[in-house]
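Subject: Structure handover

Hello,

Here is the structure I said I would pass on.

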Amino acid sequence: MAEAPVDASTLPVTVKKKKSLSIEEKIDIINAVESGKKKAEIAAEYGIKKNSLSSIMKNKDKVLEAFESLRFDPKRKRLRTAFYTDLEEALMRWYRIAQCLNVPVNGPMLRLKANDFAQKLGHNDFKCSNGWLDRFKSRYGLVFRAQPAEASGVSVDPSTVWYQNVLPYYLNDYHPKNVFNIKETGLLYRMLPTNTFAFKGETCSVGKLCKDRITLVVGANMDGSEKLPLLVIGKNKNPHCFKGIKSLPAHYEANRMAWMTSDIFEQWMQKLDEKFQAQQRRVVIFVESSPAHPEVKNLKSIELAFFPSCLSSKFIAMKQGVIKSLKIKYRHCLIKKFLSSVEDSREFTFSLLDAVDTLHLCWRTVTPETIVKSYEEAGFKSQKEENDPADAERDTSLDLVTHTLGAGVEFPEGLSIEEYAALDDDLETCEAVPSDDSECTKESQPDETGFYTSDGEDDGGALETELPLPSKNEALTALDTLKKFLRSQDVNDGLHNSLAELENFINPLSPK
């Protein structure tokens, strides 16, 4: 039996309900259009037709009026902000800092800065229009007023403004474990007490001491729970003492003056950013304003906070005890190694590789208490109250001086370990244009490989100090000797576990 034909007019019709947009969504659409995003992409994202989008833009004044009435409704939850929230956050942070430092800001300045931030954050399709700027000012309640004449003559202490207004703004956004400070310091890594007379009173990079200098970059977080790997900047990219070396306990870079440069800074920040991305963290790193510290583009996990150049060094946490502690520990190790060679009637040799290893060892022993105390001294809020972290170094320094004199080694009269450790604190550490007649320029000339050396000796130690790399069997024999020594001592399980990890690395139980 044939089926009766179906009358199409009697079929139920499914009517697609037109999408209803909220006021907040319409505001976001207006912001997206005015910031340069393609209309087709916006329409697709919100599931509306192009003519609906055009209608929203045509009636944007009414939309904005409705938005303002809702914005100040106390019963209404917080509205969404807009597209490019990272740009808005950066722009608002810059505006508040400028306001705190009494820097007048107007519309054109804000537009210029918005476009600058957009480029640095990778928003290539953004262009700050008058409409976008009006929406931004409306969202944050910004009103530009002429500065009163009498107010312009009021002297504002930048340190007070920074401490009371700017610093708390950052600390409210980040947990102490995600607040970092980094600082460069110069280091004459082979300078013994007997060399201090030759250096005292001299400037950055003069004479024979020029080839014994490095720049060290130190960084740690506010609660003392994390120290960044040290960055060591030398003068030779491939010093002879690094021959055959595939890994170091610190990052190593090089240039002719052994200074921090903008390129080195940018590369290092990118490496740190990758590390924090892998940890899914957002951190802020406080750093001094300097040509060697540029704003780094496309950082995803790091926000760079630049100290105003007018601030004193007392706000730099690493300068309040961390670098001092590290240098004192390093000088202790250097003197002990020197005394050991004197007592054994051996020639004292100490290469750049030895310096890197010693710095790593000493950096590990800088305590969280020292770091926390340094941040407190710099004005960063903390709950802990600790004793002066340098007390331990002062107490042991007397014994070391006595030991040095007892071994027949000259130690300049009246020179303390603290003074000895601080003699190179004022070394230049950032890129600058050297004068044509500088001693360092004269002594440092590129060799046939294109690397720089000093008086025929690279800054890593003389060629005759090189030793052949040990074999696998020699490494295992040394490890066995170390095991026997540790078994004769009262040590914790951690050291035995570390030895087991080393043995498994040298001679793995299963193929890698």
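Strands E1 (residues 179-188) and E5 (residues 283-288) run parallel and are joined by three bridges. One of the residues facing E2 is Leu188, which stands opposite Arg213. Please keep in mind throughout that this is a predicted model.

How many of the residues of E1 are buried? The count is 10 of 10, so to speak of the strand as mostly covered is in order, given that a residue is called buried when its relative accessible area is under 20%.

Lys327 belongs to helix H12, and leaving aside residues up to four places away in sequence, Lys327 touches Thr185, Gly186 and Leu187, along with Ala421, Asp424 and Asp425. Is Lys327 buried or exposed? Its relative accessibility is 4%, and Lys327 therefore counts as buried.

Next, the packing of H12 itself. Two packed helices are described by the angle between their axes and by the distance between those axes. For H12 (residues 322-343) and H13 (residues 352-365), the angle is about 130 degrees and the axes lie 9 Å apart. The two helices are therefore oblique to each other, and H12 passes H13 in a right-handed crossing. On the H12 side, the contact is made by Val322, Leu326, Lys329, Tyr330, Cys333 and Lys337. H13 contributes Ala355, Thr358, Leu359, Cys362, Trp363 and Thr365. By type, the residues of this contact comprise eight nonpolar, two polar and two charged.

Last, some totals for the protein. Its secondary structure comes to 19 helices and eight strands. The protein has 512 residues, of which 43% count as buried. Among contacts with a separation of 6 or more, 71% are between residues 24 or more positions apart.

Regards

Terms used. Residues are numbered from 1 along each chain as its sequence is written. This is a predicted model: local features need pLDDT of at least 70, side-chain atom pairs count only at pLDDT 80 or more; totals for chains, interfaces and linings use all residues. Side-chain values use heavy atoms; hydrogens and water are left out. Axes are lines fitted to C-alpha atoms, for helices over the stretch in contact, and angles run from 0 to 180 degrees between N-to-C directions. Helices (H or I, at least four residues) and strands (E, at least two) are DSSP runs, numbered from the N terminus. Angles under 35 degrees count as roughly parallel, over 145 as roughly antiparallel, 65 to 115 as roughly perpendicular and the rest as oblique. A crossing is left-handed if the near helix is turned anticlockwise from the far one by less than a right angle, and right-handed if clockwise. Contact means heavy atoms within 4.5 Å. Ala, Val, Leu, Ile, Met, Phe, Trp, Tyr, Cys and Pro count as nonpolar, Asp, Glu, Lys and Arg as charged, and the others, Gly among them, as polar. Buried means under 20% relative accessible area, exposed over 50%, partly exposed in between (1.4 Å probe, protein chains only). Two strands pair if DSSP finds at least two bridges between them.
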